[in-house]
Structure formats: structure tokens, C-alpha cells
Amino acid sequence: QAIINALPDQLFVLDRSGRFLDYRSHDKELYAPPSQFIGRTLAEVLPVEIAAQAMQCIARLHSEADLQCLQYELPMNGDVNCYEARFVACSQEKIMVVVRNVTEQVVLQRQLEYLSLHDALTGIYNRTFFEAELQRADSQRVGCVGLLLCDVDGLKIVNDSLGHDAGDRMLRCVAALLR
């Protein structure tokens, strides 16, 4: 009980049919108030697609007798939050589901993925993206590939005379034109 009380995550107990039996949560922002989900099934509380995926986890849990994980997104208070649910069998009839809000991690991961494929200054695709696309085109035997190379005339003079901020503005303008 002490461990459960110390968890920052939401903890739900379900039966094999996906009916909510109990919950523990320090999080004040549940998807629905307890009165709207205790005694009800996943399908009655969650969006259809998420409920179906959760029921698949429950089915796999009983056939494979292993931990099952599900990541999903839920709209809450005008935002979309990302969650990770871990399903584990407590007994033949009960399933414990530990739900963690992973929104911050997902947003950070998406930002890192974006920055890994885009230039930080201009927002246009970078060399890493170009090389990956070249590999994809080669592996899929794409017939024609075009490549545009250009130089921004006078950029060094702009940087030296007007400063790097002016040069950066010039690069962003050129990127917008190319885009």
C-alpha cells in the first residue's frame, strides 16, 4: 500500500471484461470523474479506438501472461495529452493498469525528431533528411530525383556589414521562397 501511495501514476483495477473495479490516483485531472467510470467498461468511458486497443492488451495479457503496454492520446481541457498504460494480471480475474502522463516526453521527442531533420534557423529540411530520402528513393527504385543547389549571393557581405541577424533574416527569406 505504501508503494501504491508513493506512485505519481494513476492505478486502475479492471476485470477481464474491461470493467473498472477500483482506482488510486494523486492526479486531480482524471479523464472522467470516478463516478463516471467505476463499474463501467473501457468502451463506455474511453474513445472507441483506445478502448479497443486496451481490450486487445487485456486479451494478449491472458494469452501471453506478460506485461502489455499501450500508448495513446486523449483530449483533455482543450489540449491533447499522451499517456502510457501498462497492463499486468493480478489474478485470473483482475488486471492492474498503471497509467502515466507522458505528454512532456512525447512533445520533447517530437521536437528532437523535427530538429534532427530540419535546419534550426530556416525550418527547411537538412542534410540528414536529404540523405534518408536519397536512400529511400534508391531502395524504392524511384526513376527521377531532382536536386536544387543554390548560393545566396552577398551573404558574407551582409553578415560583415549589417551583422549576423540581418544575414539570418536573409537566409530565412530565401528559405521561405524555396519552400
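**Exercise 1. Find which helices and strands each supply at least two residues of the lining of the largest cavity.**

Solution. Begin with the terms: helices (H or I, at least four residues) and strands (E, at least two) are DSSP runs, numbered from the N terminus. The model is a predicted one, in which local features need pLDDT of at least 70 and side-chain atom pairs count only at pLDDT 80 or more, while totals for chains, interfaces and linings use all residues. Residues are numbered from 1 along each chain as its sequence is written, and side-chain values use heavy atoms, with hydrogens and water left out.

On a 1 Å grid over the protein atoms alone, a cavity is a set of points where a 1.4 Å probe fits but cannot get out, a pocket is an open set with protein on both sides within 12 Å along at least five of seven lines, and lining residues have an atom within 4 Å of a point. Grid points are joined across faces, edges and corners, and a volume is the space filled by probe spheres set on the points.

Next, a search of the whole structure finds one cavity of 30 Å³ or more, and the largest cavity has a volume of about 270 Å³. Of its 22 lining residues, Phe12, Phe20, Leu46, Tyr72 and Val99 are the closest to the centre.

**Exercise 2. Describe how strands β3 and β4 pair.**

Solution. Two strands pair if DSSP finds at least two bridges between them. Strand β4 (residues 79-89) runs antiparallel to β3, and the pairing extends over nine bridges; within it, Glu73 has Cys82 in β4 as its bridge partner. The two strands form a hairpin with two residues between them, and Asn77 in the turn has a positive phi of about 55°.

**Exercise 3. Find which element gives the largest share of the lining of the largest pocket.**

Solution. The largest pocket has a volume of about 830 Å³, and of the 28 residues that line this pocket, Ile124, Tyr125, Leu147, Leu148 and Leu178 are the closest to its centre. Both α5 (127-139) and α7 (164-178) supply at least two lining residues, and the largest share, seven residues, comes from α5.
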